[in-house]
Amino acid sequence: MPQLIASVEGVEVERVNLKKESTTLGRKPNNDIVLHNPVVSGEHCVFSLQGIADVTIEDLGSTNGTYINGHMIKSREALKDKDIITIGNFRLQYFTASASEQPGAPQPTTAMSLDALGLPGTSGVLQACFKTLSGDTAGLELPLLKAVTTFGQPGVARVSVSHRRDGYYVSRIDGETVPTLNGKTIGPEAVALAHNDVLELAGTAMTFLLNGK
């Protein structure tokens, strides 16, 4: 199944399997893929699945454009394996087969909506997020809208952030670089997150923010 892996500053923020005939991307919450950033238009682009694994992308008249491997697309274009799609500060890499279908590839993290687990749902309302503190994307907010969210790159540094009934927790998954929280290393055991905690992940610093604080 075709898959998109979205990242910011080298930090993986989302994996999406393209299993629908049409998958929309934009800033508005009604999109299938929602990227919370002013450079992303409300309805930015659309991915169309044709047959089993043929995918095309089309810009929907966005303000800042959609780029494939460095060039701005002017019309609908077919995607090839490992094409890189750039939208503002977001980087999405396209794969003709998802990680679970690639021999030896890391398995994608399963993410479920909070409402589906009976946890405090978001219904599109930002409950918590990480805000980047370094690099060109400083100030970018990465919302935590799922029960389990994975950040990082396989083999480099990855952490899992889970939303439980009593709050948010972070734990290390794998990678050669050890992530830190407020300067202290993170292990496989879950550590509770507090407002304004600083997570350092493979050179990218992010602060944890709770809605309403």
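Strands here are DSSP runs of E with at least two residues, and helices are runs of H or I with at least four, both numbered from the N terminus. The model is predicted, so local features need pLDDT of at least 70 and side-chain atom pairs count only at pLDDT 80 or more, while totals for chains, interfaces and linings use all residues. Residue numbers start from 1 along each chain as its sequence is written, and side-chain values use heavy atoms, with hydrogens and water left out.

Let me begin with strand β15, residues 157-164, where Ser 162 is found. Is Ser 162 buried or exposed? Buried means under 20% relative accessible area, exposed over 50%, and partly exposed in between, with a 1.4 Å probe and protein chains only. Ser 162 counts as buried because its relative accessibility is 14%. Leaving aside residues up to four places away in sequence, Ser 162 touches Ala 147, Val 148, Gly 167, Tyr 168 and Tyr 169; contact means heavy atoms within 4.5 Å.

His 163 also lies in β15, and at 8% relative accessibility it counts as buried.

I turn now to pairing, for which DSSP must find at least two bridges between two strands. An open sheet is formed by six strands in the order β13-β12-β21-β20-β17-β18, with antiparallel pairing. At its edges stand β13 (141-143) and β18 (184-185), each with a single partner strand, so one side of each has no neighbour in the sheet. Within this sheet, β12 (residues 128-132) and β21 (residues 204-210) pair over five bridges, and Thr 132 stands opposite Met 206.
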